[in-house]
Amino acid sequence: MFIINILEMLSLIFNSLDFTKIVIAKLSIINILGFYIVLFLVLELLMRKKLYSFLLMLFVIGYFYFRVPITSKLIMIDVKQGDCLLLVSNKKAALVDVGGIKNYNGDDNNYLFMQVILPYLKSLGIKKIDHLFITHGDYDHLGNAYDLVNEFKVLNVYFNNGEFNYNEKKLIGLLEKKGILYRKLDEGDSINFGDFRLVQLNKYFGEENDNSMILYGVCLEYSFLLMGDASLKSENYILSAYNLKNVDILKVGHHGSKTSSGKKFIATVKPKYSLISVGLNNKFNHPSMSVIETLKEYNSIILETRYLGSIVFNLESRNQKLLKP
C-alpha cells in the first residue's frame, strides 16, 4: 500500500509538470502504415548490424519529415449553441472564443471542453495556444476558457474594448493567478501569427453584443470576417468605416439571429461561405429564417455546425492583400 501511495504521488507530481506532457497528433492511415514500414526496416537493419544504413535512413526520414508544408487552417469547432474557431498556421494556434454551456442549475459544465475541444486540439498535436480572442463576455463564448487555461499553455489573451462583465473578470482573475498576459484590443489593433493577420474593427458602443470583437483577417488566398455576436449597429459602423467587399468566409454574427446580418451588410460583404455556429433545436430558434433567406439571396454557401459538425477550411496561397479602410 505504501508503494502504491508513493507511485500515485509521483504520478500526480509529473502530471503537473508541463515538460512531462507529450501530445501526439492523430495519425492518418498512411502515417500508421509508414510507421510500421519504417519499424520493419529498422529491425531488419539492426538484425543485420548495418548501423550506418540505419543512421542514413533516419537522416533521410528526418530531413523530409520536417520539411512537409504545414497547411494553414480555419476550423469552426462544433460546440453546440456557442462559438469556437481554431486558426492554425506554421505551428502556431489561435482560438476565437471557446464555447460554454451551463448546467440546468446554472453551474459551469465542462462536458464540451473535455469531450470535444480538448481531444480535438490534442488530435492535431496542439499543446500550446499562442493567442486566445474573447469576442465578448457571454458564457457561450468564453465559458470553456477557464478549463482551457488550466489544460493548455496559453500565451496571450485578448478582450474587446468594452467594460469587463462578471464572466470576463472571473477569467482575468485566473489569468493573473497563472501569469498569462491579457489586454483589450482597440479598433485598428492587429495580431499576426503564421500566415494569418487579424485586425480588430469594432469600436466601443457600451452594450455587450454591440461591443463584440469583430476580426477581419487574411490568410494567404482567403479573406474572412469573424463577427462574434456583433449587432446591426456594429455592422453599419464597420461598413461606414472600412472597405469590406467580397469576403471569402463570414462567421455569421450571433448564431444567425435576426439582430445581426442585415441585408445591407450581406449585400456589401457578399460572403462566398457563411459559417453559422448553432445548436440543433436550440431554444432561441437560431438561425433566423430571414437571415438564411438573405444569405441565399446573395448566393452565399451556408454551412451550419448543427448539421455538419465541425467545419474545416484548408487555406492555400493566392497572395491576397489586406483590404485598407
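In this predicted model, Lys-270 is a welcoming place to start: the residue is partly exposed, with a relative accessible area of 42%. Its setting is the loop between α9 and β14. Lys-270 is not a glycine, and yet its phi is positive, near 40 degrees.

Most residues other than glycine have a negative phi, and most peptide bonds are trans.

A positive phi also turns up at His-255, again in a residue that is not a glycine, with a value of about 60 degrees. This histidine sits in the loop that runs between β13 (249–251) and α9 (263–269). Because the relative accessible area of His-255 is 2%, and buried means under 20%, His-255 counts as buried.

Pro-287 belongs to the loop between β14 (273–276) and α10 (289–297).

What does Asn-202 contact, once its neighbours within four places in sequence are left aside? The partners are Asn-161, Glu-187, Asp-210, Asn-211, Ser-212, Ile-214, Ser-234 and Tyr-237.

Key: Residues numbered from 1 in each chain as written. Predicted model: local features only at pLDDT ≥ 70, side-chain atom pairs only at ≥ 80, totals over all residues. Heavy atoms only, no water. Contact = heavy atoms within 4.5 Å. Helix = DSSP H or I, 4+ residues; strand = E, 2+ residues; numbered from the N terminus. Buried < 20%, exposed > 50% of the residue type's maximum accessible area, 1.4 Å probe, protein only.
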